[in-house]
Amino acid sequence: AEDGYDLWLRFAPLDGVAAAKLKSQTPVVAPISEGDRSSTLDVAVEELERGLTSLRGEGDPPPAQNPVQIILDCGTEPGTGQSGFSLTPQLEAERPTFRIAAQDHIGCLYGSYALLRELAAGRGLGEISLIDAPAMPLRLLNHWDNPDGHVERGYAGRSIFDWWNLPGRLDQRMIDYARANASIGINGAVVNNVNARAFMLEPRYIAKLKRLADAWRPYGIRIYVSARFSAPRDIGGLDTADPLDPAVRQWWQAKTDEIYASIPDFGGFLVKANSEGQPGPQDYGRSHADGANMMAEAVGDRGTVIWRAFVYSAEDDTDRAKQAYDEFKPLDGQFADNVIVQVKNGPIDFQPREPFHPMFGAMPKTRLMLELQITKEYLGFASHLAFLGPMWEEVLTADTGGEKSVADVIVPVGMAGVANTGSDRNWSGSVFDQANWYAFGRLAWNPSMSSDAIAREWTAQTFTRKPAALEPIVRMMLESREAVVQYMTPLGLAHLMGTGHHYGPAPWVCDLARPEWNPCYYHRADRDGIGFDRTPSGSNAISQYDPAIAAQWSDPAAIDPKLLLWFHRVDWDHRMASGRTLWHELVAEYDRGVAKVDGFAATWSALESEIDPERFRAISERLAIQQTEARWWRDASIAYWQSVNGLPLPEGTAKPP
Ligand code: GCU
């Protein structure tokens with residue numbers, strides 16, 4: 001059944017010219033000599049054989065006269081770089097070959113998946129000639145999975161990790177998970193929530209982690225754990241977790257050694273400290289650097305400590321968007337070499353649109369990693385279609401000043417994506433959400449890939465190669481994130497979702513104890529105007545950016561209207577470049593968002609004959625939900641703004657029913 005379980009690794013049979021070609025070439029994977037074998041190369045051979053058989057779409061091929069030998073040449077090739085590969089067809093030779101070469105075995109596995117991807121997109125063996133390597137060393141998923149099976153901000157069912165039965169039972173899903181990740185170059189997974197429980201570090205869990213690590217090793221995936229900073233107290237019998245206390249340091253050293261004794265290639269720790277009530281070094285008057293460096297010393301050159309920069313505090317009435325920079329910027333240069341500071345794409349929290357995080361332009365002496373959220377906490381969960389490629393392209397290409405893009409800053413380090421996996425048959429809740437997992441992996445591999453190219457690849461492998469169907473699907477994917485921005489938080493508005501669940505509009509909420517949990521903290525609308533003044537007359541968060549960028553953004557006429565209300569508070573009758581007033585433009589944006597979603601539903605319904613009934617119906621139903629809820633967002637938001645500004649709807653606006 002087409003239930004989505006195979007993700008982008010469906011390898012649906014080729015048709016037409018591509019099928020005929022593959023048939024005549026009858027590629028066969030040349031055996032690997034006993035001395036060169038490894039578990040990774042065994043996977044590569046198995047994947048190639050499985051993929052080719054599936055693409056051919058029939059049983060055993062007839063024995064060909066002169067089949068193309070697919071030769072894996074691994075461990076020798078200079079010049080392809082670590083984990084890189086080259087693909088070289090030599091089809092005209094007397095003994096035709098197709099060579100996958102790499103300097104290490106994982107490079108050969110990546111090359112094998114690349115070959116299958118190209119074939120699945122409909123290209124012939126003779127056209128597939130490329131050299132490629134991952135741009136950045138760390139390409140990690142962060143699972144916000146609790147050990148009890150609940151996934152924080154998960155919309156695809158319970159956790160895929162079966163801690164209960166590990167280490168005795170390894171679910172086949174753990175292998176399929178590794179295949180999916182390896183096929184797009186993901187090379188590490190943090191398997192538990194950043195809001196961590198300390199018992200993940202107990203011996204019984206280390207045994208479970210080891211079983212996963214052993215299963216994933218052939219696929220080049222290292223295991224990481226979120227560590228609770230207070231673990232020495234919680235499970236270690238100490239009465240402090242002060243990072244400068246010798247007993248605490250010794251506890252972490254012993255604990256880390258214990259993990260490495262079981263898992264020699266353990267990736268390291270991810271830490272959320274002094275953020276949203278989590279324990280951290282500041283509980284003892286120490287800095288983030290003191291905490292991170294203490295753990296980094298325990299890990300040594302065996303792995304990495306990834307320290308999150310997502311901090312903001314209830315006691316601090318500074319603009320929330322400023323707080324992480326304020327806390328971390330003074331620590332630039334103080335972190336140990338094996339510490340990475342992981343920064344969310346924007347300064348608040350995974351909103352449909354935010355400007356890039358100012359830390360990316362301000363920490364030249366710190367290894368920074370980008371944190372993206374694949375699961376769509378603030379973009380309609382798995383119910384709304386929103387392909388995040390364009391959002392991530394926007395942040396990666398953003399200029400941080402000094403001619404460095406965000407991608408330039410993070411390429412030496414890496415990227416993390418908060419996973420959207422769950423135990424739903426289709427892994428991600430909706431089939432279209434698989435594209436976000438896919439896009440994350442592809443961008444971590446190559447951050448200059450366009451979201452258009454990624455959407456094309458994914459659609460060809462997931463749904464169809466036929467241009468008449470592929471083109472409209474790609475188009476709707478590429479428009480989908482902007483549609484969500486327009487019907488939820490247009491023109492630079494943010495964080496207007498219901499507090500707690502973050503689904504659905506609640507701009508009217510103003511009375512929660514912590515100011516920054518109130519949507520009205522973010523929009524600041526009243527009779528006269530709307531928006532958050534982050535210029536020097538307001539919070540001056542804008543000063544955290546490069547002066548040239550700050551200067552441009554400080555001018556409400558020069559800033560991209562997409563960020564206007566993030567940085568500026570303007571009157572309702574503020575004149576926009578379009579000639580409309582802010583109020584009229586805002587209403588028009590909501591309408592545009594709704595119209596786009598109606599367009600998606602129409603596009604999709606025209607594709608009925610091209611898509612299998614199971615996935616066609618599942619997506620149709622979700623698009624219908626999105627149509628209803630885009631209107632809910634628009635109508636509730638406009639009604640609320642009207643209750644504040646007393647303005648009539650612009651002439652020609654459709655009245656809510
Ligand atoms: C968001 C999210 C939380 C999460 C936090 C984090 O605020 O709502 O569930 O724990 O981000 O990234 O730490």
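Reply: Five strands form an open sheet in the order β1-β2-β4-β3-β5, and their pairing is mixed. Strands here are DSSP runs of E with at least two residues; helices are runs of H or I with at least four, and both are numbered from the N terminus. Two strands pair if DSSP finds at least two bridges between them. β1 (28-29) and β5 (130-132) stand at the edges with a single partner strand each, so one side of each has no neighbour in the sheet.

This is a predicted model: local features need pLDDT of at least 70, side-chain atom pairs count only at pLDDT 80 or more, and totals for chains, interfaces and linings use all residues. Residues are numbered from 1 along each chain as its sequence is written, and side-chain values use heavy atoms, with hydrogens and water left out.

T88 has R99 in β4 as its bridge partner. Helix α2 (residues 39-56) lies across β1, β2 (69-74) and β4. Contact here means heavy atoms within 4.5 Å. The helix runs at about 160° to β2. Axes are lines fitted to C-alpha atoms, for helices over the stretch in contact, and angles run from 0 to 180 degrees between N-to-C directions.

Now the barrel. Eight strands close it, running β6-β7-β8-β9-β10-β11-β12-β13 with parallel pairing. Neighbouring strands of this sheet are turned by 25° against each other on average, direction ignored.

Follow the pairing from β8. Three bridges link β8 to β9 (residues 268-271) in the parallel sense. Y224 stands opposite G268 in β9. β9 then pairs with β10 over four bridges, again parallel. There, L270 faces I306 in β10 as its opposite residue. Four bridges join β10 (residues 304-308) to β11 (residues 339-344), also parallel. V305 stands opposite V339 in β11.

Helix α5 (residues 203-216) lies across β7 (188-190) and β8 (222-226). Its run is at about 150° to β8.

Two loops carry backbone details. L166 and P167 are joined by a cis peptide bond, with omega about 0°. P167 sits in the loop between β6 (138-142) and α4 (172-183). N274 has a phi near 45°, a positive value in a residue other than glycine. N274 lies in the loop between β9 and α8 (288-299).

Last, the ligand. It is surrounded by 13 residues, and the closest are E152, K272, R308, K344 and E377. A residue counts as near if one of its heavy atoms lies within 4 Å of the molecule. The shell divides into three nonpolar, two polar and eight charged residues. Ala, Val, Leu, Ile, Met, Phe, Trp, Tyr, Cys and Pro count as nonpolar; Asp, Glu, Lys and Arg as charged; the others, Gly among them, as polar.

Polar contacts are pairs of N or O atoms within 3.5 Å; within protein, one must be able to donate a hydrogen and the other to accept it, and residues adjacent in sequence count only if both atoms are side-chain atoms. An N or O atom in the side chain of E377 is 2.4 Å from an oxygen atom of the ligand. For K344, a polar side-chain atom lies 2.7 Å from a ligand oxygen atom. For N195, the corresponding distance is 3.0 Å. Taken alone, the ligand exposes 320 Å², and the protein buries 96% of that. Accessible areas come from the Shrake-Rupley method with a 1.4 Å probe; for residues, only the protein chains shown count as cover.
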